[in-house]
Amino acid sequence: MRLSIVIVNYNVKYFLKQCLASVFGSDRGLADGSELELEVWVVDNDSVDGSVEMVRTDFPQVHLIENHENVGFAKANNMALRQATGDVLLLLNPDTVVERDTFVRCADFMARHADCGGLTVKMVDGKGNYLRESKRGFPSPAASFYKISGLTRLFPHSKRFAAYYMGHLDEDEVNKIEILPGAFLMFRREVYAKTGGLDESYFMYGEDIDFSWSIKQAGWENYYLPTTRIIHYKGESTRKGSMNYVYTFYNAMSIFVRKYFSGKDARLFNMLLQTAIWMRATLAWMQRIAKHIAVPLQDFLLAYGGFVLIKQLWENVKWGGAEYYPPQYTLLVIPLYILILMVSSWLNGGYDKPVRIGRIVSGMGTGVLLLLAFYSLLDESQRYSRLLLLMGSAWTMAATLLIRVALSAKGVKGYTLRTHARGATLAVGTSTETARIRELYASMGISTDKLTETDDTDTRHLQDLIRIEHAEEVVFCGCDIRHVIELMAHLRTTGVEYRIAPRESDYVIGSETVLTPDDLYIASLDTISTDTARRTKRMFDIGTSFMLLLLSPVLIWLQKNKGKYFTHCLSVMVGSLTWVGYTGHRGVFTPADIMDGKPTEQLRERLTLRYMRHYSTATDFSILIRNLKNI
């Protein structure tokens with residue numbers, strides 16, 4: 001039997017490398033004594049992280065299709081499926097790791113079950129937690145409504161409310177299911193011949209639902225096989241609570257409705273989906289507002305109460321209880337004072353996380369100086385009391401600090417005032433492998449003083465070591481993937497972060513993170529990842545966009561492409577673009593635009609890395625000025 005595996009990749013080089021390593025390290029012996037042949041296809045959707053070069057160098061046996069644009073998931077898969085020769089076909093995500101027996105178990109199951117047209121397996125995330133999308137039901141109007149509205153999360157095991165994830169079925173039992181996940185979707189060649197592959201109307205999301213439904217309509221069954229597992233790093237953590245996901249999911253479902261429903265059913269489906277969209281949008285908007293204003297609002301209210309109390313006490317002491325100060329002082333002047341102090345603190349990083357007392361004090365101190373300068377410029381009739389200004393400012397600072405102390409005492413994330421040292425690391429593997437990890441961590445500037453090495457993989461012993469050493473992360477070094485997944489599943493209650501260091505590799509992979517000596521995603525080394533830098537960059541974007549719009553009557557005549565001038569200025573102003581983009585952020589220009597000519601991909605990566613680690617507005621300004629005719 002031949003198995004053709006198709007992997008669509010987009011800028012996840014290290015995840016892809018580990019995925020391919022697990023694929024080619026898998027078992028091949030089938031139950032009937034024959035051997036499973038593997039044919040692996042990688043379709044790259046215009047990655048810029050060196051993925052193509054890595055595949056060519058490290059996995060020359062892979063059939064590589066290199067696209068020069070992101071054509072989407074469905075179209076990319078079809079490009080390889082049309083050329084694949086396997087008796088069985090598999091769509092596999094690059095951010096997955098398979099067990100050694102995953103393929104042979106699936107192939108043997110299909111051989112024993114003639115009615116099995118499609119098959120998937122049990123998926124766990126990078127922390128060993130079961131992923132609900134391993135088994136899914138048909139997205140009927142009701143099931144889709146329950147999912148998008150949040151009722152599925154509230155009743156995860158209800159046959160009705162959790163129908164989207166078939167929550168009533170045991171995650172450890174083989175079952176017939178309706179929808180297979182695109183992360184691991186295996187099917188027979190006969191299925192492909194009859195269904196014709198994925199519907200390319202879907203760019204992202206929905207195509208696996210559509211294809212699974214096609215399998216059912218063609219007369220086969222879809223199965224969930226939990227006797228083998230894979231790690232799917234992204235899983236439910238791909239920001240599926242975001243409005244971008246909700247909107248994309250709705251569009252995918254709309255395509256599905258137009259294709260499989262008609263008349264009254266289609267209208268009902270769309271009505272329920274749109275209702276759920278509005279509910280989720282309203283809830284998400286309220287959550288974002290509450291998250292961003294909760295602490296500032298507490299600061300303002302407590303500061304305002306203190307200002308008013310100080311005013312009343314001063315009136316009692318100085319003026320014998322008479323209402324000496326006019327109503328506008330309480331209603332307008334005091335709120336203005338507090339806002340100036342809070343904005344000054346914000347600009348100085350006083351509202352950044354983790355909280356820093358020094359930033360609050362210095363920010364408020366600057367605000368007091370601004371208030372005193374502003375006070376001295378006012379007309380004599382508007383100078384109510386310098387003493388009240390100073391006493392109220394002192395109270396505002398004290399109240400702000402008291403709120404931070406209270407939040408820290410409650411353990412609210414981002415507000416702890418205790419210095420948190422890096423926790424211990426437990427490296428599991430042979431002495432050679434764990435020593436390699438110690439050297440790798442040292443090369444990345446990560447202290448190895450608290451790194452403990454062990455070759456004991458007994459679950460009970462590992463739990464004891466994690467507790468005794470106060471370990472925050474466990475690194476499995478060159479261990480057998482099947483054993484790693486079993487350990488992760490049993491140790492998931494310990495609350496540690498799990499990482500995998502493939503044998504003889506120079507990188508460590510965790511849940512959505514990659515650690516390498518020269519990786520772009522090492523947050524501790526990226527200046528641009530700080531709240532202060534992001535805020536400064538955003539203020540630069542808004543300010544320069546405003547100036548460019550003011551100067552447009554002159555600058556528009558210098559542009560090589562005049563049609564994009566206003567589009568780019570407005571896009572940057574509203575935040576959909578930034579003037580200089582970097583990893584994960586779309587920009588009008590890139591750090592490589594500081595140079596003349598067309599740099600190589602490797603040089604572009606180095607320039608982006610340097611930009612992220614040493615960000616300054618001066619760099620953005622230089623790139624913008626250098627490309628002033630290309631706005």
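The legends below walk through a predicted model of one protein chain, starting with the whole and then moving to close-up views.

In this predicted model, local features need pLDDT of at least 70 and side-chain atom pairs count only at pLDDT 80 or more, while totals for chains, interfaces and linings use all residues. Residues are numbered from 1 along each chain as its sequence is written, and side-chain values use heavy atoms, with hydrogens and water left out.

View 1. Helices (H or I, at least four residues) and strands (E, at least two) are DSSP runs, numbered from the N terminus. Among contacts (heavy atoms within 4.5 Å) between residues at least 6 apart in sequence, 74% join residues at least 24 apart. The chain exposes about 30500 Å², and carbon and sulfur atoms supply 57% of that area. Accessible areas come from the Shrake-Rupley method with a 1.4 Å probe; for residues, only the protein chains shown count as cover.

**View 2. Helix H3, residues 73-81.** Here is a helix largely enclosed by the rest of the structure, because seven of its nine residues are buried. Those buried residues are Phe73, Ala74, Ala76, Asn77, Asn78, Ala80 and Leu81.

**View 3. A nonpolar patch on the surface.** Trp285, Met286, Ile289, Ile293, Leu297 and Leu301 make up this patch, and together they have about 590 Å² of accessible area. Patches are made of residues with over 30% relative accessible area and no salt bridge; like charges are joined within 9 Å, nonpolar side chains (Val, Leu, Ile, Met, Phe, Trp, Tyr) within 5 Å. A salt bridge is a side-chain nitrogen of Lys or Arg within 4 Å of a carboxyl oxygen of Asp or Glu. Look for Leu301 in helix H10 (residues 263-319); Leu301 counts as exposed because its relative accessibility is 52%.

**View 4. Thr459 in helix H15, residues 459-469.** With 24% relative accessibility, Thr459 counts as partly exposed. Leaving aside residues up to four places away in sequence, Thr459 touches Leu487, His490 and Leu491. Glu486 is 27 residues from Thr459 in sequence, and their C-alpha atoms are 9.3 Å apart.

**View 5. Confidence along the protein chain.** The average pLDDT (the predictor's confidence in each residue, from 0 to 100) is 85, and 88% of the residues score at least 70. Confidence is lowest in helix H9 (residues 243-260), with a mean of 63, and highest in strand E4 (residues 88-92), at 97. Over residues 235-241 the pLDDT is below 50, and this stretch has 13 contacts in the model beyond near neighbours in sequence.

Technical notes. Buried means under 20% relative accessible area, exposed over 50%, partly exposed in between (1.4 Å probe, protein chains only).
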